[in-house]
Amino acid sequence: MVNNMCDKKTLWEKTVDFHGHACPGLAMGFRAAELALDALGCDRSVDEELVAVVENNACGVDALQMLTGCTFGKGNLFFRDLGKTVYTIVRRKDNNAVRVAVRYGSTFDPDFKAIKERATSVSASQQDKAHYQEALKKRINSILSAGPEVFDIKKTVLEVPETASIYQTLQCSECGEGVMEPRARIKNGRVVCMPCEGESGR
Ligand SMILES: [Zn+2]
Ligand SMILES: [Zn+2]
């Protein structure tokens with residue numbers, strides 16, 4: 001992937017706009033996605049069919065969505081609730097995948113932690129806050145240019161789930177709202193949605 005600083009900045013800024021703020025977590029997901037796309041040999045000018053599997057649902061996932069085009073709404077973003085800073089990107093046509101994991105402890109920075117604590121304490125001065133903004137910028141920039149010392153990058157092959165099926169919508173006999181067929185339940189012989197199934201005594 002050819003990516004000069006100018007393009008990168010624009011893409012990063014767009015990502016910050018999408019996410020709402022610039023934070024180290026967002027930078028982590030941004031860099032992880034960038035490295036994964038590079039390792040896959042994806043040319044971003046071509047709209048390749050990619051699938052992403054994320055193992056956390058924190059800030060970084062927003063960056064991954066921006067860079068890979070894998071989104072929750074398109075059904076090509078899968079969330080495995082494992083609490084790990086791991087992102088896997090798969091190319092649908094050949095199942096080639098790249099798994100990027102943030103190395104444990106590699107981003108721990110006690111100085112940054114202390115600066116942040118000072119700036120967010122009740123007695124923080126304007127100077128403490130300015131100092132923190134400066135340190136935050138530095139930290140984000142260092143993550144955005146990090147390499148294998150932070151990210152463990154492995155090529156793998158992964159079978160990806162089929163594209164989202166379109167299901168029939170049934171009507172819940174209790175609330176009257178529509179519900180996708182596989183999520184509908186039967187209660188006393190009538191179709192109900194899951195929230196209505198759970199509400200006894202109605
Ligand atoms: Zn954030
Ligand atoms: Zn209902």
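1. In which loop is Asn188 found? Asn188 sits in the loop that joins strand E8 (185–187) to strand E9 (190–192). Please bear in mind as you look that this is a predicted model.

2. As a reminder, most residues other than glycine have a negative phi. Is Asn188 buried or exposed? Asn188 counts as exposed because it has 6 C-beta neighbours inside 10 Å, and a residue with 12 or fewer is placed in that class.

3. Asn95 has a positive phi of about 60 degrees, although it is not a glycine. You will find Asn95 in the loop between E3 and strand E4 (96–102).

4. Five strands make up an open sheet with mixed pairing, in the order E2-E1-E3-E4-E5. Its edges are strand E2 (77–79) and strand E5 (151–157), each of which pairs on one side only. From one strand to the next, the twist averages 15 degrees.

5. Inside that sheet, I would check the pairing of strand E1 (residues 50–54) with strand E3 (residues 86–91). The two run in the antiparallel sense, and 5 bridges link them.

6. What lies across E1, E2 and E3? Helix H3 (residues 60–68) does, and it runs at about 170 degrees to E1.

7. Finally, a helix pair. Helix H4 (residues 110–120) packs against helix H5 (residues 126–144) at an angle of about 145 degrees, and the axes are 8 Å apart. The crossing of H4 past H5 is left-handed. On the H4 side, the contact is made by Phe112, Ile115, Lys116, Arg118 and Ala119. H5 contributes Asp128, Lys129, His131, Tyr132, Ala135 and Arg139. Sorted by class, this contact has 5 nonpolar, 1 polar and 5 charged residues.

Definitions and conventions
Residues numbered from 1 in each chain as written. Chains lettered and ligands numbered in written order. Predicted model: local features only at pLDDT ≥ 70, side-chain atom pairs only at ≥ 80, totals over all residues. Pairing = 2+ DSSP bridges. Helix = DSSP H or I, 4+ residues; strand = E, 2+ residues; numbered from the N terminus. Axes fitted to C-alpha atoms, helices over the stretch in contact; angles between N-to-C directions. Contact = placed C-beta atoms within 7 Å. Left-handed = near helix turned anticlockwise from the far one by under 90°. Nonpolar A, V, L, I, M, F, W, Y, C, P; charged D, E, K, R; others polar. Buried ≥ 20, exposed ≤ 12 C-beta atoms within 10 Å, placed from the backbone.
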